[in-house]
Amino acid sequence: MTTRGDAIVAEGLRKRYRDRPALDGFDLRVPQGTVCGLLGPNGAGKTTSVRILSTLLRLDEGRAEVAGFDVSRQPDQVRYRIGLVGQHPALDEALSGRQNLVLFGRLFHLGRRRARQRAVELLERFGLADAAEQPVSTYSGGMRRRLDLAAGMILAPAVLFLDEPTTGLDPRGRNEVWESVRELVRAGTTVLLTTQHLDEADQLADRISVVEAGRVIAEGTPDDLKTQLGGDRIEVVVAAPADLAAAVAQVRRVADREPTVDVDRRMVSVRVGHQAGALVDVLRALDAVNVPVADVALRRPTLDDVFLHLTGHPTRTAEEVAA
Amino acid sequence: MSAASVPTPVVDLTPGRPALLADSSTLIWRGLARWRRDPGPLVASLGFNILIVLMFAYLFGGALQVPGGGSYREFLMPGMFVMTMVFGISLTTIAVAEDLERGMTDRLRSMPVSPLAPLVARAVADLLFAVVTLAVLLVTGLAIGWRAHGGGGATLAAVGLILLLRFALIWVGIFLGLVTRGQTAVVAVQTLEFPLGFLSNAFVAPSTMPAWLGAVAAWNPLSATVGATRELFGNPGWGGDSWAAQHYPWLAVLWPVVLVAIFLPLSVARYRRLAG
């Protein structure tokens, strides 16, 4: 069987931790040169799958190939062809940025001279040349991530694993990392990205796989997944809480569907498919029964909605992650 | 396999093969470069050891009687040399636990690095530090009046036995760093250091202890090295009638070999088990 064209192939992966299955029939294919976003709640199996594909963890059952090599039988071949950037930068804090890259270059068996050359090249490319001689302990969060990415890029790997690469970064640091990742992808690297930030997946990923309870339950481009939800939503916020019941009745009648109500925000929302005139109809109906409207919106589903729909629970928000 | 679309670097990136020797020496270089950048913990450790020597020599020294009426400082130093070897173990444990916790170990395991290299490099780097520590202590000893009387060969043999013990204890430290996490590791090892050090013949004759405690102290691996090096340095000691006390030079070789034979394979197995 040929797997040409796919940089990552996982078939029926199973992994148990003591009594609990972490992966339970996990399948994935990532075509060469694309970015695949793995989305899922905590404990869904995202990190476990990345750890198996990057040879850190043995699989119990199934088969996985990365960059054309079997992760169980040819782990060293795989290790020469991957970069791994984990949730926390794996760097030597006491050493300088340059020393870190030279260290990893030599551990990739580049030899002293080429390891030094490569370090200089990467520091330049990731905008760290000015801080090259400073110890990593003095770096900002964004700088550490970039150095971590640079360390993952020493051999110009065919496949790069990014496990929640922007956890704990401020928006500026995030943008820096995203820009670096886009640059790598433009140069041809295949990326497997796990994230809890849906906007990160929307920004970077060509295709998304939603993971739940150790398996992929949905797969497609971000647009595919949003379209599967069946179109747009109307959200109406009424001015007075007393009007909420009347508003629900009107929205239900116009949309011909049961709306959802958020009492605290005085908001009624409903799915309307692709009816162009639905928004106007709702506003007319409310006006006819004298319900003043504080705010109204027609919005496309977000990946958050997709996620909520597929898994039954929301992902963490950025605020929760930061807290 | 098509690699045509992979970014082309300026440097030729055809890598060599994973090799224990090359990877270990790279990682030893890392250990030494770290110390050069951040010598604080090492300086503190050396300072602590010198302080302990001075404390015993000048503070407790006046109150202690040496068997046979020899010089107290001559009696003291072999015990101090060996104690120092024990006090360094927490540095090893902390370093191993830190690499695990901060993801450095995972990074190395995701790279084509020989799986033994990180452990071997740790052991060698820490042994190099032990050599420096022992040199500083030997000079401190000479400065306060300690002398070796056994001749060059015997003195070298004593130094070798002390370092052999440290090498064995380093593997205990590595193992503890791999099985415990974070602060627990440090507390566990530091809690271990003191009883291990004092429950020996370093400062008190085992014959003055309750019988069972005396037996434990006589059989303590440290006692073997302390007893053997006292003989080799020609410094005064306790003697003793126990079988262990009669065979300290043999035990001073045997104990470390046994410890390495236990904790080196355990550490390697534990490291491999990180893959689940």
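1. How many helices and strands does the secondary structure of chain B come to? The count is 12 helices and zero strands, where helices (H or I, at least four residues) and strands (E, at least two) are DSSP runs numbered from the N terminus. The C-alpha atoms of chain B fill a box of roughly 80 × 35 × 35 Å along the principal axes.

2. A word on the source: this is a predicted model, in which local features need pLDDT of at least 70, side-chain atom pairs count only at pLDDT 80 or more, and totals for chains, interfaces and linings use all residues. Residues are numbered from 1 along each chain as its sequence is written, while chains are lettered from A and ligands numbered from 1 in the order in which they are written.

3. Of the 276 residues of chain B, 42% count as buried (20 or more other C-beta atoms within 10 Å of the residue's own, with C-beta atoms placed from the backbone).

4. Now to chain A, where A:Leu303, A:Val306 and A:Phe307 are buried in helix 11 (residues 303–311). They sit on the same side of helix 11 of chain A because they cover an arc of only 95° around the axis, taken from the directions from the helix axis to the C-beta atoms.

5. Helix 3 (residues 97–107) and helix 4 (residues 112–125) of chain A pack at about 135°, their axes 8 Å apart; axes are lines fitted to C-alpha atoms over the stretch in contact, and angles run from 0 to 180 degrees between N-to-C directions.

Key
Buried ≥ 20, exposed ≤ 12 C-beta atoms within 10 Å, placed from the backbone.
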